[in-house]
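Work through the exercises below with the structure open. Try each task before you read its solution.

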Amino acid sequence: MFRKVLRIGLDSGLSNRGLRTRRGGFTLDWDAKVSEFKKKIECILPGKQWEEPYDTSHLPPKQSDVVIVGGGILGLSVAFWLKKLENRRGAIRVLVVEQDHTFCVCFSQYSRASSTGPSVGGIWQQFSVPENVQLSLFSINFLRNINEYLAVVDAPLVDLRFNPSGCLLLASEKDAATLENNVKMQRQEGAKVCLMSPEQLQNKFPWINTEGVALASYGMEDEGWFDAWSLLQGLRRKVQSMGVLLYQGEVTSFITSSSQMQTPSGEQVVLRRINKVHVKMDKSLEYQPVECAAVINAAGPWSGQIAELAGIGKGLPGTLQGTKLPVEPRKRYVHLWHCPQGPGLETPLVADISGVYFRREGLGSNYLGGYSPTEEEEPDPTNLEVDHDFFQNKVWPHLVQRVPSFKTLKVQRAWAGYYDYNTFDQNGVVGPHPLVVNMYFATGFSGRGLQHAPGIGRAVAEMVLDGQFNTIDMSPFLFTRFYLGEKLQEYNIL
Amino acid sequence: MGFLRLGAREWNGRARGIRSMSEPVTPDSSRKKRTLLQFLSDYFHDIHALREYLLRKQILKGNRKNRSFADIQEKYGPYVTGALFILKQGGAVKYDSCHERMFQNKEWIRPNEHGHFPTEFLEFRKVPVEAVDASGCAINYQGMSNLPVPLKELRFLSLQRCPNVDDWCLSRLYLLADSLQELSLAGCPQVSERGLACLHHLQSLRRLDISDLPAVSHPGLTQILVEEMLPHCEVLGTDWAQGLKLEPDQQPQNTPAVSP
């Protein structure tokens, strides 16, 4: 059945999808190119009217080997690793298209803000899926040696302002066994996590109220939070120095071509290939068709729309053609409050049983925190307006119950950002699509994209360049699981 | 040339003043003059590639000094590994004084000005190292794995003026939670208050020196918070009144008399 198709799609890709580009070669549409050339010569010849050729320097190039849709942390990470892992210097031409280069949180209708800017910036290794733990470990290694990876001559060093304060996960009676198993798995992978009983917790952090807590897991090292903005800027500077082109624009359509193929068992299947990407310039109607060999969908919350443009999901439901990319934008709030009697300098990133999380911010008794709502309580994602009642009703009661000294807190600011929420199993999608053969995904990480970005970028770059995952095996994250119905559930989602 | 470049880094002094490492030497060149190499690299890709290569080599050199001593650890045991690593970097070690009958002098073992050090300690595989003075050494996070991991009974650690010790290194110190009693971080240019926050694991600490840390943004406030975090520890730092503004009618001699 279609399972064989999927294997075909991946297997044949392994041999001829290795993208070692060679310059030159024939392009399609030879006749149009010849007539364009003839027109240009006619302009220059004496006796004809001199019409200046149209200045297109502000548009993206007409050709690029890889087009990355989305210039946030995931898109830039993929661009960085593509240029780092290429065989020869300058072998791959990469173009990154981003809608909003300022990355600020715009409080407008239909705001297309990136999710990297407003993020809380935490990184921890306490996951239930082993690949997530490996991704986190690689990411923390990357962040630690950030100035080796992102060193640019004459540029200042990247200062991530990393707080190595660790992460504390609390579990109730019914989740205690799962937590213990997870911690065992994490320690096997190499994370430095320890389990604490409620008494030990009370001793170590006297400001916690341990009522309802049966077990807690605490990361001793390699966990904490950092400044996402400086990482983004550092990555941008480095990829620009490596020769990646960054353009501000919007991808409006894909020009695809399809071909009929046959599986060994004789079934017909239609494989599509993206030939051109139409990039529309900001605030104008101009667009540039960019010919490309591979497209990487790293558009974050908007990845679902980009996938629909490529024809993913247009078919009968229940078939492979009809399986949509289940990533949609979900609004999440982050609140900043001030509490002079709050927990001290040793406070880790605390994630409570109820789903509320908070961490310290700076030296001045400020704290950042948020809450992941249940499905019924989801705020409306059409804009980035903050609902202040949300904090009052949903976050504050749980905070006070866990940390009694937060009773006197005062909210200073709040902002909102989008999660690229995967409605299927809240875990990311990585790798190629089985039918649209040159679209690769790097999205859907539902709030963990920032901390896993270096690892994901490397995995996608390996898939594009070598056709397989070399370092971390991300095959559980492939697109095909949406069709096969295999959920990769993550226990704790912040 | 090597030590001159190190000199430029120390002169700049500010935490973020560790400028581009492939620049030739003067304290002002980063700000005012452009060198010939910089000028040429704007015009020629080859020179640009050369500068990138030099930058990478600089980084690798730093890493080589801090490589892991795993093979020595297998042969000689953890204490000798740690001691050897410190002595090679230019620091000093002191052994546990209750075993002093094995030693003629119960003093610090230090390398002399040529970098040679006595090798008697190679015999003492079972003797725990008590104190390490790594002032001014080029130890970084990689090298820290050679330090707290093998040396479990370390009581005194001095990391004064180490240019590469940063917040990441401090997060490794939790392994010494049971034994470490004195820690000195004075003068480290890359340690900030974020690294100091993870010292809360060291509950046996009795003396902590955090004076003269240029990367800490509010030294007085940080000291108060650290004192709250480690109630049994004596924290030596800057005068906590530093940063408080004098009232206009007060004379400069009347600085607040309460100081640790």
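**Exercise 1. The contact between the chains**

Task: Find how many residues each chain brings to the contact, and how much area is buried between them.

Solution: 
- Step 1. Count the residues. Chain B brings 30 and chain A brings 28.
- Step 2. Keep in mind that this is a predicted model.
- Step 3. Turn to area. About 2,900 Å² is buried between chain B and chain A. Carbon and sulfur atoms carry 62% of that area.
- Step 4. Look at chain B for the residues that lose the most area to chain A. They are Trp168(B), Tyr174(B) and Arg194(B). Together they make up 25% of what the chain B side buries.

**Exercise 2. Charges and polar pairs across the interface**

Task: State how many salt bridges cross the interface of chain B and chain A. Then describe the one formed by Arg89(A).

Solution: 
- Step 1. The count of salt bridges is 3.
- Step 2. Arg89(A) has Glu52(B) as its partner. Their closest N and O atoms lie 3.5 Å apart.
- Step 3. Check that distance against the rule. A salt bridge needs the nitrogen within 4 Å of the carboxyl oxygen, so the pair qualifies.
- Step 4. Ask which helices of chain B supply at least two residues to the side that touches chain A. These are α3 (45-65), α7 (167-170), α8 (193-196) and α9 (219-229). With 6 residues, α3(B) gives the most.
- Step 5. Sort the residues of that side by type. There are 13 nonpolar, 10 polar and 7 charged.

**Exercise 3. A strand and its partners**

Task: Decide whether strand β11 of chain A is mostly covered or mostly open, and name the strands it pairs with.

Solution: 
- Step 1. Strand β11(A) spans residues 327-338. Of its 12 residues, 10 are buried, so the strand is mostly covered.
- Step 2. One partner is β15(A), residues 410-422. The pairing is antiparallel and runs over 12 bridges. Within it, Val334(A) bridges to Trp415(A).
- Step 3. Another partner is β14(A), residues 366-371. This pairing is also antiparallel, over 4 bridges. Here Leu336(A) bridges to Leu368(A).

Definitions and conventions: Residues are numbered from 1 along each chain as its sequence is written. Chains are lettered from A and ligands numbered from 1 in the order in which they are written. This is a predicted model: local features need pLDDT of at least 70, side-chain atom pairs count only at pLDDT 80 or more; totals for chains, interfaces and linings use all residues. Side-chain values use heavy atoms; hydrogens and water are left out. Buried means under 20% relative accessible area, exposed over 50%, partly exposed in between (1.4 Å probe, protein chains only). Two strands pair if DSSP finds at least two bridges between them. Contact means heavy atoms within 4.5 Å. Buried area is the accessible area (1.4 Å probe) that two parts lose on being put together, summed over both. A salt bridge is a side-chain nitrogen of Lys or Arg within 4 Å of a carboxyl oxygen of Asp or Glu. Ala, Val, Leu, Ile, Met, Phe, Trp, Tyr, Cys and Pro count as nonpolar, Asp, Glu, Lys and Arg as charged, and the others, Gly among them, as polar.
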